[in-house]
Amino acid sequence: MTAYQSDLLRLLDERGYIHQVTDPEGLDGLAAREIVPGYIGFDATAPSLHVGSLVQIMMLRRLQQAGHKPIVLMGGGTSKIGDPSFKDEARKLLSAETIDANIASIKRVFERFLTFGTGPTDAIMVDNADWLDRLEHIPFLREIGQHFSVNRMLSFDSVKLRLDREQSLSFLEFNYMILQGYDFLELSRRLGCRFQMGGSDQWGNIVNGIELARRVDGTQVYGLTTPLITTADGGKMGKTAQGAVWLNGDQLSPYDYWQFWRNTQDADVGRFLRLFTDLPLSEIARLEELQGAEINDAKKILADAATAMAHGVEATFEAAETARRTFEEGAAGEALPTLKIEGGTTLVEALVGLGLVASKNEARRLIAQGGARIDNRRVDEDVPIAVTCDVRISAGRKKHGLLTP
């Protein structure tokens, strides 16, 4: 690890967040001398962010823990365009009303992770629609457009990927990187923001903003990216067979969120504890040394800590207790996903309706392979289910749901 002077870069380095930094010595010196306002942008393309955004949220949390000021930039303006970075196709265009509703829903997540207020290190949330929606096209092109080279923009990996695959890249999307660079300039002017963070796929966009601030205002600002967070088997963090792992409780229950972390692969436990919890590094080092069945204790600690941060202590206790009763005592538990049934249903419909599988075909394959259970009894065919009392449905050993009359 690099010997950083500032608490900020030491903390980020020790916990594994640093991939690239535009000027490590300059940023390190600045963070050692004064409070640094830093930001990350989040587009509002859904009512909730998912676990794939969690490392960025945790970066803002680390920024605040190190005595600096987090700025949460909501993309009310850029969500109307869509970031083309490493996407195979253009985003579906959303209405202004949908974007506003998504922002209102997403705000609840950040209140769990950051302390908001008016103090020097309190977090603030701003919306880039406040300035992007007011831009006039010709003045913007004259003031800002002259500082962007199309040749250079075409060389960015995020753009080259689409072009090399001969996939359409609209002029609308091509403007996204210019607007993101302009966001950094506006935040520097309005809030004294000196620092932008993001995933490794945002490196080109961040560098654009840094160069724009230098050329237009002569301001020195900095950028830092995190490594791509993948699982030990090379999979993308937060992608499961059942879909995205949402951070909002109304999109994914605290129980399912707890189970996601509990099911972490053995090789990922230490890294995820450093990235996604506040546990001391000495304790994480101890947990990493656990072997065999004992590693499950570390996974439960990871699940408890991550779920408490996102959903609170009470919801975490209920999720952990439901898991304990389900797996250790064979009980149903109150926090399992439930589906109300009048009369009867089939096992295929129950598996799909409870969200235990993604499709009827997947349900039939599971049944054929002997992986589906009704009240802990293995079944070999799609038997009818009479729901006159609570019925527990299981998909494999780790996923369970409840049918209620």
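Biologist: Which elements do the buried residues of α4 pack against?

Modeller: Helices (H or I, at least four residues) and strands (E, at least two) are DSSP runs numbered from the N terminus, and contact means heavy atoms within 4.5 Å. Buried means under 20% relative accessible area, exposed over 50%, partly exposed in between (1.4 Å probe, protein chains only). Here the buried residues of α4 pack against β2 (37–43), α3 (54–65), β3 (69–75), β4 (124–127) and α15 (295–311). This is a predicted model, where local features need pLDDT of at least 70, side-chain atom pairs count only at pLDDT 80 or more, and totals for chains, interfaces and linings use all residues. Residues are numbered from 1 along each chain as its sequence is written, and side-chain values use heavy atoms, leaving out hydrogens and water.

Biologist: Which residues of α4 are buried?

Modeller: They are Ile99, Asn102, Ile103, Ser105, Ile106, Val109, Phe110 and Phe113.

Biologist: In what sense do β2 and β3 pair?

Modeller: Two strands pair if DSSP finds at least two bridges between them. β2 and β3 pair in the parallel sense, over 7 bridges; tyrosine 39 has isoleucine 71 as its bridge partner in β3. On the β5 side (residues 195–199), 2 bridges join that strand to β2, also running parallel, and there the partner of tyrosine 39 is glutamine 196. As for burial, 6 of the 7 residues of β2 are buried.

Biologist: Where is serine 48, and is serine 48 buried or exposed?

Modeller: Serine 48 lies in the loop between β2 and α3, and counts as buried because its relative accessibility is 3%. Beyond four places in sequence, serine 48 touches Ile106, Trp246, Leu247, Asn248 and Gln251.
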